[in-house]
Each structure stands twice: as C-alpha cells, then as structure tokens.
Amino acid sequence: MSSSTACRPATIAVLGMPNTGKSTLFNKLTGSHAHIGNWPGLTVDLMQASLELAGRSAQLIDLPGIYDLRGHSDDEAVVRRFLAATAIDLVVVILNASQLDRQLRLALQVQELGLPTVVLLNMADEAKRFGVTIDLPALSEQLGLPVLLVSAKYGRGLGEARQAIRKALDPGPLQPEGGGAQASLAATQAPGPVASGAPSSTDAAQSLEQRLALVDGDLPQRMAAILAATVQLPPQWRDRLTRRLDRVLLHPVLGLPLFFATMLLMFQGIYAIGVPLQGLLSSWLSQFGQGVLAPLLAGWGLPAFVQGFLMEGLYQGIGTVSAFLPVIFLFFLAMGVVEDSGYLSRAAYLMDALMERLGLDGRSFVLCLMGFGCNVPAILGTRVMRSTGLRLLTMLVIPFSLCSARLNVFLFMAAAFFSPSQGALVIFALYLMSFAAAIFTALLFQGRFAAQEALVLELPPYRLPTPTQILTRAWAEVRHFWFWARRFIIIGVVAVWLLNNLPLGVPPASAQTLSGQLGHLLHPLLAPTGIDPTLTVALVFGFIAKEIVLGGLAVIYGQADTSLLGQAMAAQVSWPQAVSFMLFTLLYVPCLSTVAVIRSESKRLDFTLFTIGWSLVLAWTVSTVFFQFSRLVGWH
Amino acid sequence: MATPTAPSRQARTLGQSQPPAPGGPDQTPDILLSELAAGQSATICSLAVEPGLRHRLQALGLHRGQRVQLLRRGWWAGPLHLRVGMTELMLRRVDAARVGIDNVMVTA
Ligand SMILES: Nc1nc2c(ncn2[C@@H]2O[C@H](COP(=O)(O)OP(=O)(O)OP(=O)(O)O)[C@@H](O)[C@H]2O)c(=O)[nH]1
Ligand SMILES: [Mg+2]
C-alpha cells in the first residue's frame with residue numbers, strides 16, 4: 001500500500017509448464033534469487049516478490065510448474081489452490097517457444113480462467129537455434145491475447161514484456177465496471193455480487209474442473225488449427241549437441257560409469273581446491289583470535305570465565321565453521337552447473353531401472369542427489385510425486401544423502417586423521433555409504449510403501465548456465481548458510497561450552513562437568529560404537545544441526561585452527577573411533593529442519609517418528625559393526 | 001488402474017485387456033509402444049491409461065495421431081527415450097505398454 005497510486009498492488013501470477021523458465025523470469029523481473037535448474041519440478045512452492053511497473057506496484061508470484069490445470073500432484077495442487085483462493089489481476093503464461101507444439105495447450109486452458117492474460121514465449125534463443133518459427137501477430141490474434149517472444153535467461157525482450165504486463169493491468173474498456181481489472185476464479189463465473197471474502201476454494205476448483213472438461217473435447221482440434229496457422233517446426237531435429245552428448249552419456253553400458261565418474265571428479269575437485277582454502281582461512285582466523293582478540297579481551301580485564309566463554313566458546317566455534325564457507329561456495333558452484341546442465345534428468349533415466357526394483361523411481365534418485373546440497377529442498381521436491389507410498393519411501397531415504405553440512409564435518413575429520421590422499425578416499429567411501437544406506441533402506445521397506453506410479457519425465461536439452469546464474473546461486477547458498485546456520489551454531493556452541501565448563505570450579509571438559517556426566521549417562525548405549533563420552537556431546541547437539549558438530553568439537557578440544565584441533569583430537573581418539581563417529585554422523589537424523597519438513601510434507605507423526613527411529617538404529621548398527629570389526633582385526 | 005498391486009512384469013497383458021479409453025473408439029492395438037525398436041518411429045493410435053496419466057501424457061505431447069520416435073532403450077529393461085514433436089522424454093516400458101501404435105517406420 002506504500003505505492004504512490006491509489007490502488008493496492010496488483011497480483012500477477014506466473015503460470016506455465018515445468019522447466020519453462022518461470023523462476024528465471026521471476027528473478028530477472030524482481031531481482032530475487034528463486035532457485036533455478038534444468039529439471040522439471042524444481043519450484044514446488046509459491047514465491048512472491050514486488051515489482052514496480054511504471055507507477056503501478058505489483059506482487060509477482062512464481063508458481064510451481066503445472067502440466068495441466070487439472071493436475072493432481074501436490075505441486076500442481078499448490079497452483080490450483082492458489083488460483084482458486086486468490087484474487088489475481090493478471091496471469092503471465094510462460095511457454096517454451098521451441099515446444100509450442102505441446103505447450104500451447106496450457107495457454108488455451110488458461111484462457112478458460114477468463115482472467116487478463118499475457119503470453120510470453122520464452123527461450124527465444126533455443127527456438128531460433130532449433131529452427132522453430134512463430135508468426136507472433138497471427139498467434140496473438142488467434143488467442144486474442146498479447147503474445148511476446150522473450151529470452152529470460154539472456155534478458156531479451158524483457159522491457160517489452162514489462163510494458164505489455166503494465167498495459168494489460170490497466171483497467172481498459174474491456175474490463176467490467178467497478179471491480180477494475182481484479183477478478184478471481186470464483187468471481188468470473190458466479191453471477192451476482194462478489195463476496196468480499198476469499199471464495200470457497202473447493203467450489204471454485206470444482207467448477208474450473210467442469211469448464212475444463214467442457215473445452216477438452218474440441219481443445220485438440222483448436223490447438224492443431226492454431227499451430228498449423230502460426231508455428232513452423234523444422235523438418236528435422238536440429239539439436240545436434242544434445243543428440244551427440246546423449247549418445248555417449250545415455251549409453252547403455254557406459255552411461256552409468258560415466259555418471260559416477262563425473263560425480264567423483266566433481267567431488268575430487270572440490271576437495272582438492274576447497275580443503276587447502278579452508279585450512280588457510282582457519283589458521284588465519286585462529287591467529288587473528290590469538291594475536292588480536294585475546295589480548296584485547298585480556299586488556300579489558302574481564303573475568304576468566306567470560307573471557308574463556310567469548311574466546312574458546314563463541315569465537316572458536318563460529319570461526320571453525322566459517323572457515324568452511326569457501327568449501328560451501330565451491331560445492332554449490334558445482335551443484336549449480338550440474339543442476340542447470342540437464343544431466344539430472346539423464347541421471348533419472350539411467351538409474352530408473354535400478355530404482356524401480358527398489359520401489360522408487362528415477363526422480364527419487366535425482367532428489368537424493370539434490371539432497372547432497374541440503375536435505376530440506378530435496379524432501380520438498382517429492383511433491384512432484386503423486387503416489388503417497390512412493391513419496392514416503394523417497395522421504396525415508398533422502399536423509400541419508402550426505403549434505404553439505406555433514407561434508408564439512410567429514411572434511412575436517414578426514415584431514416585430522418588421514419593423509420590427504422587417504423582422506424579423499426574416506427570421503428568417497430562415505431558417499432558410497434550414503435548410497436548404500438539409501439538402497440538398503442528402500443530394499444527393506446519397499447514392501448510397506450509399495451506404490452506404482454507411471455513415470456514420464458521430460459529430458460530437456462543440455463544447457464550451459466551463465467556465470468552470473470551459478471555465481472548468484474552459490475553466493476545465495478553461502479549467505480543462507482551464514483545467516484541461517486549461524487543462529488544454530490551460536491546456540492549450540494554456547495550450550496556445548498557451558499556444558500563443558502559447568503558447574504563452576506571443576507576442570508573444564510572433565511568427567512565432573514555437565515557434558516562429562518551426559519557422556520557417561522549415554523556411555524552404556526554408545527560404548528559398542530567406540531564413540532567416547534566427549535564425542536557424545538557433539539552428537540547430541542548434532543541432532544539440531546550438523547554445523548554444531550564441528551563448532552562443538554572446536555569448543556570441546558579448545559582449538560579453532562582446524563589443523564591444531566585435528567592434532568588435539570587425534571591425541572585422544574583413535575582413527576577407527578573417528579570413522580565410527582563419522583558413520584554415525586552420516587546416518588542419524590540430519591537436523592531438526594529435515595525432521596520438521598518431513599513432518600509437514602508427510603502430514604504424519606508416526607512416519608516422522610519412524611524415520612528418526614530407523615536412522616538411529618541404522619547409525620548405531622553400522623558404527624558398532626565397523627568398530628567391533630576394527631577391534632577384531634586389530635586396527636587399534 | 002484396475003489392479004494397482006499387479007507386478008510390473010504383467011503390465012503388458014494388463015494394458016491390452018483394459019477397456020478402450022473413453023472419448024474414442026479404440027480398437028485393441030496390434031503393436032505397443034513398448035515394442036518399438038530404437039530408430040523406429042510410429043503413430044500413436046490408442047492410450048489405455050487412467051485420466052490423470054492421460055492428461056500428463058497429453059501435456060507432454062503424447063496423444064492419438066501423434067508421431068513418436070524411439071531414440072534408445074535403457075539398460076536392464078529400463079525406460080524408453082522418446083522424441084515426440086519438439087520434446088524428448090523418458091517413459092517406463094510398463095507405461096509404454098499401454099500405448100498402442102501403428103504405421104511403424106524406420107527413421108534411421
Ligand atoms: N536457453 C534458455 N534457457 C533458459 C531460458 N530461461 C530459462 N532457461 C533455463 O531453463 C531452465 C529452467 O528454468 P527455471 O526458471 O528453473 O524454470 P521453471 O519454469 O521455474 O521450472 P519449474 O520450477 O521446474 O517449474 C534452466 O536451466 C534455465 O537456465 C531462456 O530464455 N533460454
Ligand atoms: Mg521454478
């Protein structure tokens with residue numbers, strides 16, 4: 001309401017099939033950082049940002065992709081509910097210009113909504129490259145809607161698009177009197193006065209269903225007629241790059257080995273560049289702390305307890321975790337390239353045969369890969385699945401994906417206990433373990449969640465992200481990590497430090513402290529895993545977030561420089577104990593946020609508790625088996 | 001789906017025995033999409049699937065009268081890689097067995 005004009009901000013919805021560039025356009029128009037990727041179904045929730053259009057302010061809403069206005073998967077239901085319950089002033093329909101031959105369908109369906117609409121044909125660059133020509137004026141006339149050709153990724157045609165949107169927002173002579181351009185689904189069909197409250201969404205959705213069923217009959221003919229008159233497809237498929245790449249990457253024998261080799265290479269690269277950077281940063285931070293901060297604090301004459309709290313607690317805990325920011329940045333640079341390349345859909349194709357036998361499908365595998373970044377969006381991503389059984393089983397296995405927060409813990413511990421070349425192998429083995437845990441879990445429980453869902457998935461052309469795209473993405477992840485994780489880290493680190501130093505007067509980190517007592521309380525349970533009482537405290541707090549584990553270790557062993565911390569730890573912990581600790585950390589509950597999102601997505605408390613219980617059982621068993629085996633073989 | 005618990009290996013016969021799709025006089029198809037060989041193309045003549053899946057398939061360009069080309073078949077009885085108009089997609093064999101085709105041609 002802060003705009004200079006009298007009217008409230010207009011509500012503009014961005015609607016289109018999955019993977020047509022809605023989020024890209026949304027970001028370009030509003031300067032937001034919605035997640036973009038060459039994978040149909042990346043956006044699964046509403047995102048809103050404001051937009052200033054020549055004196056008219058508006059709210060632009062990025063919607064999940066929708067194949068059909070009658071779609072029934074949970075991500076499509078988000079769109080349907082939104083359409084039914086919101087007063088929308090304008091719909092911006094995004095179609096992939098090079099796939100107009102099938103996507104025009106959605107534009108015809110949207111026409112049935114009876115709302116002011118602007119049609120944007122995105123990916124003009126690809127349409128041109130693939131030899132698709134479109135007669136824009138003719139198409140616009142046939143549809144009775146403004147139609148523009150744009151390229152959101154490269155920012156072409158966006159000025160014109162803004163103008164067209166602005167123009168369509170103006171209550172022109174075509175609009176009904178009174179209500180201006182505003183209309184909602186219910187309002188357009190219900191004669192008589194419009195109720196001021198939101199219309200009953202089920203009613204509206206139902207009548208939309210009926211109207212769509214009505215047009216469905218002649219929709220194919222209409223569509224064919226329009227296409228014949230306005231769109232020219234190339235006589236031959238022109239995307240030679242995609243065809244050549246697919247011949248190799250989807251090869252029946254070489255495809256999978258190549259995929260895993262690519263992944264391995266990627267992680268090796270992150271390891272080779274990220275670990276030295278992290279070491280450098282952490283020793284720099286530690287020197288700064290000891291050389292500058294500690295004397296400063298001492299100079300203020302603060303009590304020793306407070307000094308210790310600030311230095312050994314807060315500063316070391318946060319410093320240790322911050323040193324991993326470059327690794328996070330690198331990691332998400334690589335993730336960004338993979339996600340935007342189109343290789344994820346190919347991974348789904350390659351893995352589907354195996355996944356099918358596990359009661360999952362290719363999409364489950366891709367979501368597990370996304371889980372390597374963070375488990376939370378991966379679990380949200382299961383909304384594209386319609387079958388409840390498949391969704392639950394996928395949610396059960398995603399938490400075993402070794403996320404970037406856990407990666408930090410493992411990078412640190414691998415560096416502390418192993419030589420660099422061994423360390424890389426240990427990390428790789430943990431990734432394998434992560435897959436193995438997921439596969440084993442699916443095998444074990446597929447009978448309980450059995451589900452059959454047809455799988456049709458688009459294999460989009462290979463694309464190369466722009467440097468800005470992936471840099472923005474990686475930067476957004478680092479910011480997110482920093483702002484979001486910092487809260488948890490501060491709370492966790494402070495708690496660990498207090499537990500380690502209270503009650504007053506006992507030697508820090510000794511058995512008499514609170515943490516010592518907690519460790520000894522849990523010792524009977526964890527003794528078979530080889531995880532000692534000191535490490536137990538870190539595990540307990542790791543339940544909240546894995547970032548705390550690392551910060552907690554720094555506090556427990558009183559070192560911020562990770563190489564010194566590693567030495568301090570290695571003096572007290574044997575390497576099989578360390579590996580057992582890593583296995584436990586990999587497999588048990590990833591973090592509270594993941595638990596919360598499993599709860600909200602599954603809408604089932606019993607299932608949520610089951611995922612927690614199962615991950616604890618598996619973590620304990622694997623750690624115990626490993627540790628007892630190592631004792632038997634005499635690795636100690 | 002008449003029998004959602006039916007193991008996937010039986011899907012072929014299941015697809016054939018299903019009643020024709022509403023909205024069109026489908027005959028029992030002679031050839032199924034799942035039988036197409038790599039490099040061949042054909043015209044879709046029937047879709048014996050439940051409405052939800054039919055909408056999804058239509059949105060991806062798979063409808064009666066449409067030409068499809070099979071690019072490759074996945075390993076270990078994996079999915080089919082198809083081209084439909086300007087779109088490429090993957091479809092499981094089980095599901096492809098519900099799609100009837102005719103006019104099979106070799107496109108190289
Ligand atoms: N060549 C080209 N690629 C584009 C263009 N706009 C977007 N893309 C790419 O298309 C892919 C999908 O973009 P998104 O913005 O995530 O698509 P979306 O419609 O939000 O997808 P969902 O959230 O899955 O529905 C990404 O790889 C983008 O980089 C464009 O104008 N040209
Ligand atoms: Mg999106």
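How many nonpolar, polar and charged residues does the shell around ligand 1 have? I find seven nonpolar, 13 polar and six charged residues in that shell. For the classes I took Ala, Val, Leu, Ile, Met, Phe, Trp, Tyr, Cys and Pro as nonpolar, Asp, Glu, Lys and Arg as charged, and the others, Gly among them, as polar.

Notes on the source. The model is predicted: local features need pLDDT of at least 70, side-chain atom pairs count only at pLDDT 80 or more, and totals for chains, interfaces and linings use all residues. Residues are numbered from 1 along each chain as its sequence is written, chains are lettered from A and ligands numbered from 1 in the order in which they are written, and side-chain values use heavy atoms, with hydrogens and water left out.

Entry on ligand 1. I listed 26 residues around the ligand (a heavy atom within 4 Å). Those that come nearest are K22(A), S23(A), T24(A), T43(A) and D125(A). Taking helices as DSSP runs of H or I with at least four residues, numbered from the N terminus, I see that helix 1 (22-30) and helix 4 (124-129) of chain A each give at least two residues to the shell. Helix 1 of chain A has the largest share, three residues.

I then checked polar contacts (N or O atoms within 3.5 Å). A polar side-chain atom of K22(A) is 2.7 Å from an oxygen atom of ligand 1. For S151(A), a polar side-chain atom lies 3.1 Å from a ligand oxygen. T20(A) uses a polar backbone atom, also at 3.1 Å from an oxygen of the ligand. The protein covers 99% of the 650 Å² of accessible area (Shrake-Rupley, 1.4 Å probe) that ligand 1 has on its own.

Entry on aromatic rings. I paired rings of Phe, Tyr and Trp (its six-membered ring) with centres within 6.5 Å; planes under 30 degrees apart are stacked, over 60 edge-to-face, the rest tilted. The count is 20 aromatic pairs over all chains. F259(A) and F260(A) have ring centres 5.3 Å apart and planes at 80 degrees, so I logged the pair as edge-to-face. F584(A) and Y588(A) form a tilted pair, 5.2 Å centre to centre with 50 degrees between the planes.

Are F584(A) and Y588(A) buried or exposed? Both are buried (under 20% relative accessible area; exposed is over 50%, partly exposed in between; 1.4 Å probe, protein chains only). F259(A) is buried at 1%, whereas F260(A) is partly exposed at 32%.

Technical notes:
Polar contact = N/O pair within 3.5 Å; in protein donor to acceptor, adjacent residues only side chain to side chain.
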